[in-house]
Structures are given as structure tokens and as C-alpha cells.
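Me: Could you take me through this model, starting with the sheets and then the helices and the ligand?

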Amino acid sequence: MRILVQKFGGTSVASPEVRELVLRKIEKAREQGFNPVIVVSAMGRQGAPYATDTLLSVARSVYKGIAARELDQIMYCGEMISAVVMAGTLQAAGMASVMLTGGQAGITTDDNFTDARILKCDPTRILSLLKQGKVPVVCGFQGMTDEGEFTTLGRGGSDTTASALGAALNAEMIEIYTDVDGIMTADPRIVENAKILDCISYGEVCQLAHQGAKVIHPRAVEIAMQKNIPLVVKSTFSDAPGTLITNIAQEDTSEAAVVDRVATGVTYLTNIAQFKVHLDDTMGSDSSFNVFRTMAESDISVDLINVHPGQIMFTITAEHVEQASTKLKQQGYHIEILENCAKVSVVGGGMREVPGVMANFIEALSRNKIAILQTVDSHTSISALVPQSDVGAAVKSLHEKFGLSN
Ligand code: ADP
Ligand code: MG
């Protein structure tokens, strides 16, 4: 059986007109001999009546601190509505279609409500529907614990559902349909002349996604990569070929041009705070270690870490500032906090050992008088912390400097 997973994001299921376009994509897959498995997100974006954010605000309007378990129960409704509407659309077109929740589709998770992790994915029920010639329409973003509790997989989690099903079903390919023609060299909302990438490696797209490119969830990429299943990011609204995500190293080496580029894309993350912790000699040799242990025990992940004699710097997301600062002050640390920062990153598998990459990076920001608060680099990326008010200018100037605008 040739299985194709087709995932449709929020804007792709938002209106009857768009759902007709989705229907065409599914019909086309069937004409090509595939057995499609459909995954859908909740309909529309913030403000739309059944969008995830709208449902969250209903629950939080009752009580701001409402428990994560209750948030999952209300968020579940978004994908349920969307999947019922999509299954109905297929049935109206004469296609036998069955709507399934995440749990019914075989996805078991842990009980970390609002950010659950998939523990296993049992494809039995979907396989039996496919054998009967039916089209399963699965609610993205959802899972179920062994005890039958509803869970959700974190924002962007429908991509993860698609990959988990693709892996469990040994799909030939996973298609992620959205509102842009593919993965671009930068967020098109910031860089007008951002280009569509025809082809990108799992590793590069994971980096782009972790560093802020919200076009695909990094977990989805990691799962597809484990089974070497090609992922394609493409538009519901066009016939453009999209971006193929594969293990490029295994592809035909005539694709050398792709591998040779120094930079693949520029990304950014906002709402970051920089912490400077001053250590004095009286605090003992464990003091820097203790700072990080305190963060870990509070479940706060730290990024952009620099440890110097007498001073530690690191960044955390804005939501954790109050908690982190209280904990550290309680332990007697003297801290300085700089809020409203953003992290800009240039990502590229071809960056390894290319001289002058850091020089170009710094030059692009300095020329535009953008303050560099901290930097970090790896073989395949360079990042800097900058004031949030400069994030747009920083992304644009790096995009230009690294030749991505041509
Ligand atoms: P969906 O609801 O279909 O999952 P998302 O909003 O999660 O859609 O992802 C698509 C959006 O990601 C695009 O509309 C685009 O604005 C944004 N985006 C951010 N960075 C990039 C990038 N590098 N390439 C393409 N799109 C990007
Ligand atoms: Mg998404």
C-alpha cells in the first residue's frame, strides 16, 4: 500500500472555498495511486471562532490560572470541529471518510498536559480503514494517555501528528500544506524578497525551526528523519512544488549547488531576557553551577550561555523572568536583567570552516548600528542577541549580507 500523509494547517481548512482546494489535493493523491491519510489543525488563526487561541481565551476568561488539564480539554475541541467538517466535505464529494481523534488514531502520550510527548503510535485502526478504501481524517495536535486522558502536543503539534503517523504507517511521503509556497530563506512577513528553498536537509530545517522559523515544528522533522521519510512543505493555495526536506547527503551529488551554499536562512526568536549574574569570591566554587541547577529545577531552559570568572550570562524566555529572578535573589545572587531582547540566527550546513562568516555577521549588524548583546556560534549557525526593536532590521541586513536576497 502506498501511503501519503497530507497535513493541512489552520488557514487551509478555514472556509468552504479553501476546503474545496484541500479536496482537490486529496483527490489528486488518490488519482496518483496513493492512500491518503489526512491530518488537520483547528480552523483559522487567532480571532477565528474555533481557533486554538480563541478556545484558550474562553477558558482563561473564567480563571487566568486554570489548570493545564482543563486547557487541553477545551483545545481538543478545535481539531474535533475541523476534522468533522473536513470529513463531511469528503463525504459530500462521495469519498468514504472517517474522522478520528488523536487517541482513536492510535497516538499515546505522556500526561504532560499542553505539551505532551508521543510515547507510541499504533497504526492498526488507520490501516484497517485504508484497507476498506476509506480516507481517515485525523485531528492533529492531539494524543491520549494510557488512562484515557486527552492531551495536546504543544503549539505547531499537528505537524508532529503528521510525522508520527507517517513513521508508524511507513508512509512514502509526508506533505505539510500551509499558506506559503514552501520554506523560505526568511519569514516572508519580515523579508519581502525571501526566496523559496527547493530542497533542504533535515538538519538545516531542524535548526531553522528551533531558532524560530515557525513554518514547521522541529519535532516533526526529527521524527521523519529517524525513518528517512521525505517531508514536503507546500501551499494549499497553489500548485508550486514546495520545499523537499530530505537527507541531502544521500541524494544525487549533482545537487552540489544546494549543499554548497554557506547560509540557508535567517531566523529570529523574540521575547527573550538576558540575565547577568555577578559572582563574588565569597560565594564558593559551586556558585556558577548552582545558578544553572536552580534554573533546571524550576524547569526553565536557558540559552546563549557565557561563563566568565566573576560573571555568568544566559538568556531565558520572557514568561520565566519573574520566577527566575525571585529564585536567584532568594539565593543571594546579585543579578542584572535586560528585557525585550531578540535572538537572530543565520543557519547553513555549508558554514563549516568557511572563513569570514562571523566577520560578515558582525559587519551586517554593526553597519546598521544594531547593538550586539551576546553571540554564539556552532558549525552550522551563528546567533546574536539584539534589542527587540531592531529585530526586523537585523534579519533584513543578515539576509542581504549572506546573499539570500539575490
Ligand atoms: P499552519 O497553520 O499551516 O501550520 P503556520 O502559521 O504554522 O501555518 O506556518 C506558516 C507561516 O510560517 C507562514 O505564513 C509564514 O508567515 C511563517 N514563516 C516564518 N518563517 C518562515 C520561513 N522561513 N519560511 C516560510 N514561512 C515562514
Ligand atoms: Mg504550523
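This is a predicted model: local features need pLDDT of at least 70, side-chain atom pairs count only at pLDDT 80 or more; totals for chains, interfaces and linings use all residues.

Me: What is the order of the eight strands in the open sheet?
Reply: The order is β3-β6-β2-β1-β9-β11-β12-β10, with mixed pairing. Strands (E, at least two residues) and helices (H or I, at least four residues) are DSSP runs numbered from the N terminus, and two strands pair if DSSP finds at least two bridges between them.

Me: Which strands stand at the edges there?
Reply: They are β3 (97–100) and β10 (199–201); each has a single partner strand, so one side of each is left without a neighbour in the sheet. From one strand to the next, the twist averages 20°.

Me: How many bridges join β11 and β12?
Reply: Three bridges join β11 (residues 231–235) to β12 (residues 243–246), in the antiparallel sense. Val 233 has Thr 243 in β12 as its bridge partner.

Me: Which strands does α3 touch?
Reply: Helix α3 packs on the sheet and touches β2 (35–40), β3 and β6 (135–139). Its direction makes about 165° with that of β6. Contact means heavy atoms within 4.5 Å; angles run from 0 to 180 degrees between N-to-C directions, and axes are lines fitted to C-alpha atoms, for helices over the stretch in contact.

Me: And where does α6 lie?
Reply: Helix α6 (residues 202–210) lies across β10 and β12, running at about 85° to β10.

Me: Back to α3: at what angle do the axes of α2 and α3 cross?
Reply: The axes of α2 (residues 52–62) and α3 (residues 68–92) cross at roughly 150° and come within 9 Å. Residues of α2 including Leu 55, Leu 56 and Val 58 take part in a contact with a set in α3 that includes Leu 71, Ile 74 and Met 75. By class, this contact has eight nonpolar, two polar and two charged residues. Here Ala, Val, Leu, Ile, Met, Phe, Trp, Tyr, Cys and Pro count as nonpolar, Asp, Glu, Lys and Arg as charged, and the others, Gly among them, as polar.

Me: How far apart are the axes of α1 and α3?
Reply: The axes of α1 (residues 16–31) and α3 are 10 Å apart, and the helices pack at an angle of about 65°. Their contact comprises six nonpolar, one polar and two charged residues.

Me: Changing topic, which residues come nearest to ligand 1?
Reply: Of the 18 residues around ligand 1, these are Arg 45, Thr 178, Asp 179, Met 184 and Arg 189. A residue is near a molecule if one of its heavy atoms lies within 4 Å of it.

Me: What distance separates the side chain of Thr 178 from an oxygen atom of the ligand?
Reply: An N or O atom in the Thr 178 side chain is 2.7 Å from an oxygen atom of ligand 1. For a polar side-chain atom of Asp 179, the distance to an oxygen atom of the ligand is 2.8 Å, and for an N or O atom in the side chain of Arg 189 it is 3.0 Å.

Me: What is the strand order in the open sheet of six?
Reply: That order is β14-β15-β13-β16-β18-β17, with antiparallel pairing. The edge strands β14 and β17 (374–378) each pair on one side only.

How values were computed. Residues are numbered from 1 along each chain as its sequence is written. Chains are lettered from A and ligands numbered from 1 in the order in which they are written. Side-chain values use heavy atoms; hydrogens and water are left out. A polar contact is a pair of N or O atoms within 3.5 Å; within protein, one must be able to donate a hydrogen and the other to accept it, and residues adjacent in sequence count only if both atoms are side-chain atoms.
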